[in-house]
Amino acid sequence: MAVSVNLDLAAVDAADAIRQLAASLAQMPGVADGTRLVTDVLAREVVLPTYVGEGVALPHARTDAVTTRVVAVARSPQGVPFGPKGELAHLIVLVGCPRQDVSSYLTFSRQLLRRLRVPRVRTELLTVKEPAKFLQLLELNDEAPAGSAAS
């Protein structure tokens, strides 16, 4: 699984955040078409906004743009407006999953959401300084990140 980390995301809105996170994955193994990944995640966001509450957004798509699951995680100190009410997301996790990989995708999404619902985890994610520790808190550390950048 390719993973990108940005601990200082500066985005003006959900579409900007999605574009930036997808761009961080574009050259990674498993991404066949970075432009299509952006298009598919943005289309999914229009149909059903992915702000899940408590400062967390999970933009995602099952798409032919990827050949394996890819994940870009970000923290936005100022927050990024998501959803119809423009709630501020401070933790954003973009997931691209192969279209046919339904079962694995649903399992991963459930586990990620369960982890992000733990108040202590969210609090630590908002302050941790190291990308590796950020991934460890999300329990994404079982695979080495293919690209980590803390800005």
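The expected span of a helix is 1.5 Å times one less than its number of residues, and helices here (H or I, at least four residues), like strands (E, at least two), are DSSP runs numbered from the N terminus. Take helix 2: its 14 residues should span 20 Å at 1.5 Å a residue, and its end C-alpha atoms are 20 Å apart, which agrees. This is a predicted model, where local features need pLDDT of at least 70, side-chain atom pairs count only at pLDDT 80 or more, and totals for chains, interfaces and linings use all residues. Residues are numbered from 1 along each chain as its sequence is written, and side-chain values use heavy atoms, with hydrogens and water left out.

**Overall fold**
- The protein chain has five helices and seven strands, and from the N terminus on they run β-α-α-β-β-β-β-β-α-α-α-β.
- Its radius of gyration (taken over C-alpha atoms) is 14 Å, close to the 15 Å that the globule rule (2.2 Å times the number of residues to the power 0.38) gives for 151 residues, so the chain is as compact as a globular protein of that length.
- Along the principal axes, the C-alpha atoms fill a box of roughly 35 × 35 × 30 Å.
- Of the 151 residues, 47% count as buried; that means under 20% relative accessible area, with exposed over 50% and partly exposed in between (1.4 Å probe, protein chains only).
- Among contacts (heavy atoms within 4.5 Å) with a separation of 6 or more, 69% involve residues 24 or more positions apart.

**Nonpolar cores**
- A nonpolar core here is a set of buried Ala, Val, Leu, Ile, Met, Phe, Trp, Tyr and Cys residues joined through side-chain atoms within 4.5 Å.
- The largest one has 26 residues, and L25, L37, F82, I92 and L94 have the most contacts inside it.
- Helix 1 (14-25), helix 2 (34-47), strand 5 and strand 6 each supply at least two residues of this core, with helix 1 giving the most, at six.
- Leaving aside neighbours within four places in sequence, F82 touches A14, A17, E45, T50, Y51, A57, P59, E87, A89 and I92.
- Apart from this core lies another, of 24 residues, V3, V93, C97 and L116 among them.

**Helix 2**
- Its buried residues are L37, V38, D40, V41 and E45.
- They pack against helix 1, strand 4, strand 5 and strand 6.

**Helix 3**
- Helix 3 (residues 102-116) has 15 residues and reaches 21 Å from its first C-alpha to its last, close to the 21 Å expected at 1.5 Å a residue.
- Y105, F108, L112, R115 and L116 are its buried residues.
- Seen down the helix axis, these fall within an arc of 100 degrees (from the directions between the axis and the C-beta atoms), so they line one face of helix 3.
- Cover for that buried set includes strand 3 (56-57), strand 4 (60-63), strand 5 (70-82), strand 6 (87-98), helix 4 (119-125) and helix 5 (131-138).
- The face turned away from the buried side carries the exposed residues S103 and R114.

**Two exposed spots**
- E54 is found in the loop between strand 2 (51-53) and strand 3, and counts as exposed at 53% relative accessibility.
- Phi of E54 is near 55 degrees, a positive value in a residue other than glycine.
- P119 lies in helix 4 and, at 51% relative accessibility, counts as exposed too.
- The C-alpha atoms of P119 and A15 are separated by 26 Å, with the two residues 104 apart along the chain.
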